[in-house]
Amino acid sequence: MRLVDATWPEIRPESFGGQAPILVVPLGALEQHGPHLPLDTDAAIATAVSVAVSAARDRAALAPTLPLGASGEHAGFPGTLSIGTDALHHVLIELVRSSTPAFAAVMVVNGHGGNVGALRSAAALCTAEGRTLLPHSLGLPGMDAHAGRAETSLMLHLDPSRVLLGRAAPGNATPLRDLLPELRTHGVRGVSPNGVLGDPAGASSSEGADLFESLLERALHAFDSLHC
């Protein structure tokens with residue numbers, strides 16, 4: 001069920017297979033994704049996975065997407081908007097508090113690595129308060145870090161009209177773990193002038209479809225781990 005289409009009397013266990021619903025919240029960011037992908041790439045991917053989770057599970061109630069996150073590392077590029085880790089932490093806490101007791105738990109499907117710190121701290125506080133916030137960050141082993149082949153393939157699968165392949169170019173393909181010290185000091189602009197961490201060469205919609213199915217499978221496994 002999409003909450004934006006529901007009325008308040010519908011938010012009851014009978015509408016969700018006889019159990020209290022679980023709120024699924026897509027969380028993205030608005031930040032540069034190289035010269036060829038839209039600024040809302042993270043939000044678009046997180047939303048698509050969340051929509052698929054809600055379609056596959058009766059207990060899932062789909063919340064509107066949270067489109068802004070903690071993207072300070074991308075501040076050197078025009079168009080990037082960030083609310084920062086502290087603000088995101090408080091947004092998540094208040095969202096979970098407001099969801100109680102109508103929803104048994106909240107699962108956040110996160111499309112941006114910079115949001116992880118806020119999610120972890122918010123989940124810990126929610127646990128201390130007796131509430132359940134499950135952060136689930138999208139990613140697969142072997143995926144490049146940012147605006148490379150993986151995200152380009154995913155967007156070619158989800159919305160190819162928004163991918164400007166003619167502008168696609170390789171960036172810094174150094175493994176993220178090796179880049180982190182310099183990235184934390186100088187931001188993404190300091191390590192990759194075009195904003196790409198990886199190489200979009202070879203991206204395809206068929207590869208994107210396979211990646212999406214793998215991301216969805218992991219998200220469904222996380223959803224099913226909520227025993228509440």
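1. Buried is used here for a relative accessible area under 20%, exposed for over 50%, and partly exposed for values in between, with a 1.4 Å probe and protein chains only. By these cut-offs Cys228, at 40% relative accessibility, is partly exposed, whereas Cys126, at 0%, is buried.

2. This is a predicted model, in which local features need pLDDT of at least 70 and side-chain atom pairs count only at pLDDT 80 or more, while totals for chains, interfaces and linings use all residues. Residues are numbered from 1 along each chain as its sequence is written, and side-chain values use heavy atoms, with hydrogens and water left out.

3. The structure holds zero disulfides, a disulfide being a pair of cysteine sulfur atoms within 2.5 Å. The closest cysteine sulfur to that of Cys126 belongs to Cys228 and lies 13 Å away, which is too far for a bond.

4. Helices α2 (residues 84-99) and α3 (residues 116-128) pack with their axes 8 Å apart and at an angle of about 40 degrees, the axes being lines fitted to C-alpha atoms over the stretch in contact, with angles running from 0 to 180 degrees between N-to-C directions. Helices here are DSSP runs (H or I, at least four residues), numbered from the N terminus.

5. Contact means heavy atoms within 4.5 Å, and the residues that make it include Leu88, Leu92 and Val96 of α2, and Ala122, Leu125 and Cys126 of α3.

Terms used: Helix = DSSP H or I, 4+ residues; strand = E, 2+ residues; numbered from the N terminus.
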